[in-house]
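Me: I'd like to go through this one with you, starting with charged pairs and then moving on to the helices and loops. Can you keep the cut-offs in view as we go?

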Amino acid sequence: MNKEQAIEKLEQQIEKINDLKTKERFSPEFKKWHRDTQVAIENIFGENTRHIDDFKDIDFTIITVSSNTPEQKYRQAYIKGLENSRFILRSLIDEVMDYWDDEEHNGNVAAPLDKIKLLCDRFHLVARRIR
């Protein structure tokens, strides 16, 4: 994916946030947007990166609840989560603009390294079987 495509995809996800604010918490539209955003981030930056962790760390609900918690508190947490998503996605766009070359970028560079690490971590198991 090149720089322009990455920015365009992230901007598309940001544009959907205002519409999501008018939807019920955890509506089908929200669930689709949330999944689509995760997939976009992983395709742009790679799996198991800080980028996807930052997005997954966003809370869309309140942490502590009781039977007396008003619905408005849940709604406020949902809206706050959407706004935090906007800021994270904007930061990801800034990163692409500032640090990517204009040419093709491979966000999955870490994936082959992860496979090599897995092989090295399990080498002793293979060595034992060979004996």
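**Salt bridges, a helix face and some loops**

Reply: Glu83 and Lys21 form a salt bridge whose closest N and O atoms are 2.2 Å apart, a salt bridge being a side-chain nitrogen of Lys or Arg within 4 Å of a carboxyl oxygen of Asp or Glu. The pair links distant parts of the chain, with Glu83 in helix H5 and Lys21 in helix H2, 62 residues apart. Helices here are DSSP runs of H or I with at least four residues, as strands are runs of E with at least two, and they are numbered from the N terminus.

Me: Before we go on, what kind of model is this, and how are the residues numbered?

Reply: This is a predicted model in which local features need pLDDT of at least 70 and side-chain atom pairs count only at pLDDT 80 or more, while totals for chains, interfaces and linings use all residues. Residues are numbered from 1 along each chain as its sequence is written, and side-chain values use heavy atoms, with hydrogens and water left out.

Me: Changing topic, how far does H3 reach from its first C-alpha to its last?

Reply: H3 covers residues 28-45, 18 residues in total, and reaches 26 Å, close to the 26 Å expected, where the expected span is 1.5 Å times one less than the number of residues.

Me: And which residues of H3 are buried?

Reply: Phe30, Trp33, His34, Thr37, Gln38, Ala40, Ile41, Ile44 and Phe45 are buried in H3. Seen down the axis of H3, these buried residues fall within an arc of 165°, so they line one face of the helix; the arc is that of the directions from the helix axis to the C-beta atoms. The face turned away from the buried side carries the exposed residues Pro28, Lys31, Lys32 and Arg35.

Me: What does the buried side pack against?

Reply: The buried residues of H3 pack against helix H1 (3-15), helix H2 (17-21), helix H4 (50-56) and helix H5 (71-99).

Me: Which residues touch the most other members of the largest nonpolar core?

Reply: Of its 22 residues, Leu10, Phe30, Trp33, Ile41, Phe45, Leu82 and Leu89 do, with a nonpolar core defined as a set of buried Ala, Val, Leu, Ile, Met, Phe, Trp, Tyr and Cys residues joined through side-chain atoms within 4.5 Å. H1, H2, H3, H4 and H5 are the elements that give two or more residues to this core, and H5 gives the most, with six.

Me: Last topic, the loops: where is Thr69, and what is it in contact with?

Reply: Thr69 lies in the loop between H4 and H5. Leaving aside neighbours within four places in sequence, Thr69 is in contact with Ile62 and Tyr74, contact meaning heavy atoms within 4.5 Å.

Me: Which non-glycine residues have a positive phi?

Reply: Phe26 has a phi near 55°, and Asn48 has one of about 55°. Most residues other than glycine have a negative phi. Phe26 is found in the loop between H2 and H3, whereas Asn48 is found in the loop between H3 and H4.

How values were computed: Buried means under 20% relative accessible area, exposed over 50%, partly exposed in between (1.4 Å probe, protein chains only).
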